[in-house]
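Here is a short report on one chain.

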Amino acid sequence: MKNLISMRDLSKKEILDLMKLAEKIETGKLKPDMSDKLGALIFYEPSTRTQFSFATAMKRLGGQTVTMRGTGSTSVKKGESFADTLQTIAQYTDIIVIRTAVEGSARYASEVVDIPVVNAGDGANQHPTQALLDLYSIVKTQGTLENLTIGVVGDLKFGRTVHSLVQALSDFNPKLYFASPSHLKMPPYILDDLREKNIEFEEIRDIEKIIDKLDLMYVTRIQKERFTDPEDYEKVKGSYIINKNMLKSVKSNFKVLHPLPRVDEIATDVDDTPYAYYFQQAKNGVFMRQAIFTTLLGSAE
Ligand code: CP
């Protein structure tokens with residue numbers, strides 16, 4: 001692994017190795033030393049979890065970070081190109097973590113710099129580090145990644161986290177239920193990938209009808225920022241709201257995951273149930289991102 005751009009680039013073995021590494025780091029069996037490393041966190045789009053957990057991950061490994069939040073105080077305002085900006089930052093740092101609104105920009109970044117690049121979200125395309133922390137959360141709650149029945153709910157068209165997660169899960173023989181507003185279904189190229197891999201999936205409207213079959217429900221926000229017409233967002237907002245009452249018949253191992261931020265798609269009365277796992281999931285992001293830095297910067301020995 002030189003870069004981490006898309007879940008499609010990772011083999012099952014590479015995914016499982018990252019899970020093991022995250023577990024060793026979380027339990028203190030491995031303490032990688034990044035005291036000579038400096039990570040660049042380049043965020044053209046807003047972020048709380050990804051930005052803070054990457055910074056936390058590097059600092060807890062003894063390294064340091066420098067952060068660009070938006071372009072307002074940079075020479076992009078003077079007309080400097082994306083490529084020149086990246087090539088410059090790569091002169092100062094050991095690894096680039098980048099989030100932009102443009103699909104394919106992280107791949108492009110990896111082609112113009114000669115230090116490792118991590119995709120922290122490129123538009124509606126991919127968010128592979130989120131998928132990896134999601135898988136780590138699944139292992140921790142279910143004891144396995146194999147043969148799970150998972151409901152994926154919300155904005156499946158623009159939600160980059162679900163694109164990466166579904167591709168990642170396809171190595172582990174899941175049964176998937178997709179519930180979304182009709183205009184926000186899973187993109188055809190992802191469904192084609194699943195068919196090719198013989199993964200069982202069903203597109204449904206009513207998640208309550210199958211909730212008792214699920215090991216996990218992965219809920220996502222409607223991605224307001226990706227709509228070109230605000231009226232289209234108004235039509236679909238609030239389409240799926242999971243509340244405590246809906247969880248009466250769930251399996252004992254059932255968990256609700258959400259990449260966060262949440263708007264209204266999980267009612268706060270779910271937070272105090274044993275099924276809510278989204279804040280622990282966010283915490284797991286630090287261990288997984290420590291594992292990613294360790295792998296890409298070659299400090300796993
Ligand atoms: N899950 C996630 O990507 O959250 P942020 O947008 O806050 O980083």
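Ser137 counts as buried because its relative accessibility is 0%; buried means under 20% relative accessible area, exposed over 50% and partly exposed in between, with a 1.4 Å probe and protein chains only. The residue belongs to helix H5, residues 128–142. Helices are DSSP runs of H or I with at least four residues, strands are E runs of at least two, and both are numbered from the N terminus. Leaving aside residues up to four places away in sequence, Ser137 touches Leu257, Tyr277, Gln281 and Asn284. A contact here means heavy atoms within 4.5 Å.

This is a predicted model: local features need pLDDT of at least 70, side-chain atom pairs count only at pLDDT 80 or more, and totals for chains, interfaces and linings use all residues. Residues are numbered from 1 along each chain as its sequence is written, and side-chain values use heavy atoms, with hydrogens and water left out.

Leu41 sits in strand E1, residues 38–43. Leu41 is buried, at a relative accessible area of 0%. Its contacts, not counting residues up to four places away in sequence, are Gln51, Phe54, Ala55, Thr65, Val66, Thr67, Met68 and Val97. Ile89 lies 48 residues from Leu41 along the chain, and their C-alpha atoms are separated by 9.9 Å.

Helix H9 covers residues 278–296. Its 19 residues reach 27 Å from first C-alpha to last, close to the expected 27 Å at 1.5 Å a residue; the expected span is 1.5 Å times one less than the number of residues. Of these 19 residues, 14 are buried, so H9 is largely enclosed by the rest of the structure. Just after H9, Gly298 takes a positive phi of about 70°.

Now the whole chain. Its secondary structure comes to 9 helices and 9 strands. The radius of gyration, taken over C-alpha atoms, is compared with a globule rule of 2.2 Å times the number of residues to the power 0.38. For 301 residues a compact globule would have a value near 19 Å, and the chain agrees at 19 Å.

| Chain property | Value |
|---|---|
| C-alpha box along the principal axes | roughly 55 × 50 × 40 Å |
| Buried residues | 56% of the 301 residues |
| Contacts between residues 24 or more positions apart | 73% of contacts with a separation of 6 or more |
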